[in-house]
Amino acid sequence: MKRLRWIIGILLLVTVSTIAVFGLMQRPAASAMAAQKTDTESTRTDTTASSDDSLSPSAAGVAASANTASPAPSSTPVPTTVPTPTATPTPTPVPKESAVMTGTQNGGIDWYGGYADPRTISPEIIADPEDVTVLVNKYFTLPDDYVPELVLADSSKNQSIRPEADDAWDLMRAACETDTGYTLYLCSGYRTLEEQAALFSTSISKQGVEHAISRNAYPGRSEHNLGLALDISTTAVGSISYSFGDTKAGMWVSTHAYQYGFILRYPQDKSDITGYVYEPWHYRYVGIDLAATLYASGQTLEEYYGKMQVLPDEG
Ligand SMILES: [Zn+2]
């Protein structure tokens with residue numbers, strides 16, 4: 001009898017301590033879950049804060065649901081595990097291009113006269129549109145909700161561009177005027193996605209697919225949506241012109257633009273690489289360092305990043 005009571009006593013003790021330990025383990029796990037849920041919702045609210053309702057109704061729905069999310073729980077999460085100290089991490093240098101883009105689609109694309117139809121391309125989303133050196137083309141698109149900071153440009157058709165580009169525009173225009181006597185004029189700067197969409201669809205319906213896709217970008221994949229593209233003319237002409245490259249002002253710009261951070265984005269003999277015809281008026285702000293590098297090497301942005309357009313196999 002005495003031995004039986006001793007065994008029952010031990011069993012009771014074990015049961016009570018098991019319940020106590022189990023109860024302690026449950027509480028922090030539940031708090032951690034609640035904390036994680038709150039983090040996810042606040043992130044969602046941030047990424048859709050400036051989304052364009054008319055263009056992405058699904059994103060707007062997410063934003064609305066995020067707004068009605070329940071408030072953060074008041075209980076303080078209890079850390080469940082103590083992190084094991086490890087050796088000091090060595091930062092791995094990430095090359096710029098892989099941070100921005102990971103590949104170029106090859107195959108499944110419709111081609112018209114050597115130009116890819118952007119509607120048949122699945123573009124990658126650009127990670128950091130604020131970086132003035134990013135590649136935007138048929139294969140790399142801006143996030144749906146991207147709207148840059150803009151300023152109204154002087155000597156323009158009421159056009160806005162990003163402040164970095166505007167500072168450079170003022171300097172380049174002044175220098176060109178001093179050297180050539182011609183005043184540069186900005187015909188087209190920043191465009192909204194709606195403006196680009198209208199331009200693209202109008203071009204297709206009026207000029208045909210081949211003409212449109214070799215000259216007009218799909219919405220989100222235009223440097224004009226990025227706020228760093230400038231379609232340049234002179235005040236004397238006042239509109240974009242294929243002859244701009246042969247004028248005194250146009251030749252001055254093609255020679256000196258890099259000194260102010262601009263590059264001629266679609267050169268004459270690079271259509272296979274860029275996917276667009278020669279546009280003597282279209283300049284892109286990339287910053288002085290990269291512009292000087294590209295001017296010296298004669299490379300396009302695609303070549304610089306190793307992301308040349310991949311043409312379909314011939315024959
Ligand atoms: Zn342009």
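**Entry 1**

I keep in mind throughout that the model is a predicted one. Moving along, I noted that Asp 231 stands opposite His 282, again in β10, and that β8 and β10 pair in the antiparallel sense over 3 bridges.

Next I asked myself which residues of β10 are buried on one side and which on the other. I found His 282 and Arg 284 on one side, Tyr 283 and Tyr 285 on the other, all of them buried, and I recorded that both faces of β10 are covered.

I then turned to β9, which runs antiparallel to β10 and is joined to it by 3 bridges. Here I looked up Leu 264, whose bridge partner in β10 is Tyr 283.

**Entry 1: the sheet as a whole**

I followed the pairing through β8 as well, and found that β7 and β8 pair in the antiparallel sense over 4 bridges; Leu 186, for instance, has Ile 232 in β8 as its bridge partner. As a reminder to myself, strands of a sheet pair through backbone hydrogen bonds, either parallel or antiparallel.

Putting the pairs together, I wrote down an open sheet of 4 strands in the order β7-β8-β10-β9, with antiparallel pairing. Which strands lie at the edges? I noted β7 and β9 as the edge strands, since each of them pairs on one side only. I also recorded that neighbouring strands of this sheet are turned against each other by 45 degrees on average, when direction is ignored.

For β8 I checked burial too, and this strand is mostly covered, with 5 of its 6 residues buried.

**Entry 2: the nonpolar core**

I looked up the largest nonpolar core, which has 45 residues, and noted Trp 169, Leu 230, Ala 257, Phe 262 and Ile 263 as the ones with the most contacts inside it. I then listed some of the elements that each supply at least two residues of this core, among them β2 (115-116), α6 (209-213), α8 (248-256) and the strands β7 (184-188), β8 (229-234), β9 (262-264) and β10 (282-285). The largest share, 5 residues, comes from α4.

**Entry 3: helix α4**

I went on to α4, which has 18 residues and reaches 25 Å from its first C-alpha to its last, close to the 26 Å expected at 1.5 Å a residue. In this helix I found Ala 165, Asp 166, Ala 168, Trp 169, Met 172, Arg 173 and Cys 176 buried. These residues lie on the same side of α4 because they cover an arc of only 160 degrees around the axis. I set beside this the general point that an α-helix has 3.6 residues a turn, so residues three or four places apart point the same way.

On the face of α4 turned away from the buried side I found the exposed residues Ala 174 and Thr 178. After α4 comes Gly 181, and I noted for this glycine a positive phi, near 85 degrees.

**Entry 4: the whole protein**

Last, I looked at the totals, and counted 11 helices and 10 strands in the protein. Of its 315 residues, 29% count as buried. Among contacts between residues at least 6 apart in sequence, I noted that 66% join residues at least 24 apart.

Definitions and conventions
Residues numbered from 1 in each chain as written. Predicted model: local features only at pLDDT ≥ 70, side-chain atom pairs only at ≥ 80, totals over all residues. Core = buried A, V, L, I, M, F, W, Y, C linked by C-beta atoms within 7 Å. Buried ≥ 20, exposed ≤ 12 C-beta atoms within 10 Å, placed from the backbone. Pairing = 2+ DSSP bridges. Axes fitted to C-alpha atoms, helices over the stretch in contact; angles between N-to-C directions. Contact = placed C-beta atoms within 7 Å. Expected span 1.5 Å × (residues − 1). Arc of directions from axis to C-beta.
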